[in-house]
Amino acid sequence: MTETDGPVLVATEPLDLTADMVIAELNRKGVEVVRFNPADIGADLTVSARFGCLPAPVAGQLRTLSRTAALEHARAVYWRRPGWPTFDHLEAADARYALAQVRYGLGGILYALDGPLWVNHPHRDAAADYKPAQLAVAQRLGLSVPPTLVTNDPDTARQFIAAHGPVVAKTLRWTPYERDGVPMTSWAEPVVTDEIDDTLRAAPHLFQVRVEKVADLRVLVVGRRVFGVRIDSSLLDWRTDYDALSYAVVGLPDRLVKALHAVLDHFGLASGSFDIALDGDGAFHWLELNPNGQWGWLEEKTGLGMAAAFADLLIQGKPGRT
């Protein structure tokens, strides 16, 4: 067996409908799939690997309750939404220690493999997830970036808002948390100078000039395939009310497509979801890249073959491998 006919490994949490869509396409095409979640390490997930014992630099097995994969023959790894074990039955110090061994043991074995295509490698995802880095890269590659400030200095924030308003505040990274037991989230929100106080000093905040948009675009790039979807609403942040959205499949100019490919190439990503604002003059404005963004609902709304594109990319594996 070689990487061209080996299994596709899918690392994700149990209830992941998006991964289910891709796996269904892989099954339809007759490709072996081994789905696993790092959180299941133990009786439900076993991994073994040898180094320095064989001609191959690394060889081993990953076993779930129903499947076994020879790691050296994996053609691709779809790193979707995996979870890590919490070891709730252990004391806090022991749990931290055990989790570190899983991350650097199981994770280290997977990262040691040089045969499979990663969609996307977690190290690449992590590097691309820094919004300030995205903004700089996007501008270097010729994309229009709204004036943006990242600061924890209240005076600098007030000056920026006064000079550039209207301005919106955004999180630098979406992070799940609870307040009084209630799950909370955050969206892009308008901000004025009077709202800035010394609590800003606690952490950097992102402030961005509001684009006078007529629509949003969500662009999914899978390998060299590009899917553009126009999202129409009256919302500042369309994620606040999915029922208020309408969708249309759109083509994109070659210049924009080349720039988005260049962004992914810069970060070493095989796929990514881009958010772009469209203004009344037809100009495109960069908002952000989500290296592992959701897209399943867009396929359902538009009929675009996104899951099939992911399946084809995973089946192809890494270019040049035999």
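Is Asp20 buried, partly exposed or exposed? Asp20 is partly exposed, with a relative accessible area of 31%. Here buried means under 20% relative accessible area, exposed means over 50%, and partly exposed lies in between (1.4 Å probe, protein chains only). This is a predicted model, so local features need pLDDT of at least 70 and side-chain atom pairs count only at pLDDT 80 or more, while totals for chains, interfaces and linings use all residues. Residues are numbered from 1 along each chain as its sequence is written, and side-chain values use heavy atoms, with hydrogens and water left out.

**View 1. The whole chain.**
The chain holds eight helices and 18 strands. These are DSSP runs, numbered from the N terminus: helices (H or I) have at least four residues, strands (E) at least two. The C-alpha trace spans about 65 × 50 × 35 Å along its principal axes. With 322 residues, a compact globule would have a radius of gyration near 20 Å, and the 22 Å of the chain agrees. That radius is taken over C-alpha atoms, and the globule rule is 2.2 Å times the number of residues to the power 0.38. Of the 322 residues, 45% count as buried. Contact means heavy atoms within 4.5 Å. Among contacts with a separation of 6 or more, 66% join residues 24 or more positions apart.

Arg80 and Asp16 form a salt bridge, with the closest N and O atoms 3.0 Å apart. A salt bridge is a side-chain nitrogen of Lys or Arg within 4 Å of a carboxyl oxygen of Asp or Glu. The pair links distant parts of the chain, 64 residues apart. Arg80 sits in the loop between strand E6 (76–79) and helix H2 (92–112). Asp16 sits in the loop between strand E1 (8–11) and helix H1 (17–28). Both residues are buried. The whole structure has 13 salt bridges.

**View 2. Arg35 and Asp20, a strand joined to a helix.**
The side chains of Arg35 and Asp20 meet in a salt bridge, 2.5 Å from N to O. Arg35 lies in strand E2 (residues 33–36) and Asp20 in helix H1, so the pair ties together parts 15 residues apart in sequence. Arg35 has 27% relative accessibility, so this residue counts as partly exposed.

**View 3. Arg239 and Asp237.**
Arg239 forms a salt bridge with Asp237. The closest N and O atoms are 2.6 Å apart. Arg239 is partly exposed, with a relative accessible area of 29%. Asp237 is buried, at 8%.

**View 4. Pro190 in strand E12.**
Pro190 lies in strand E12 (residues 189–191). Pro190 is partly exposed, with a relative accessible area of 48%. Which residues does Pro190 contact, leaving aside its neighbours within four places in sequence? They are Val167, Val168, Glu195 and Leu236. Gln208 is 18 residues from Pro190 in sequence. In space, the two lie 9.6 Å apart, C-alpha to C-alpha.

**View 5. Glu25 in helix H1.**
Glu25 belongs to helix H1. Its relative accessibility is 17%, so Glu25 counts as buried. Not counting residues up to four places away in sequence, Glu25 touches Ala307, Ala308 and Ala311.
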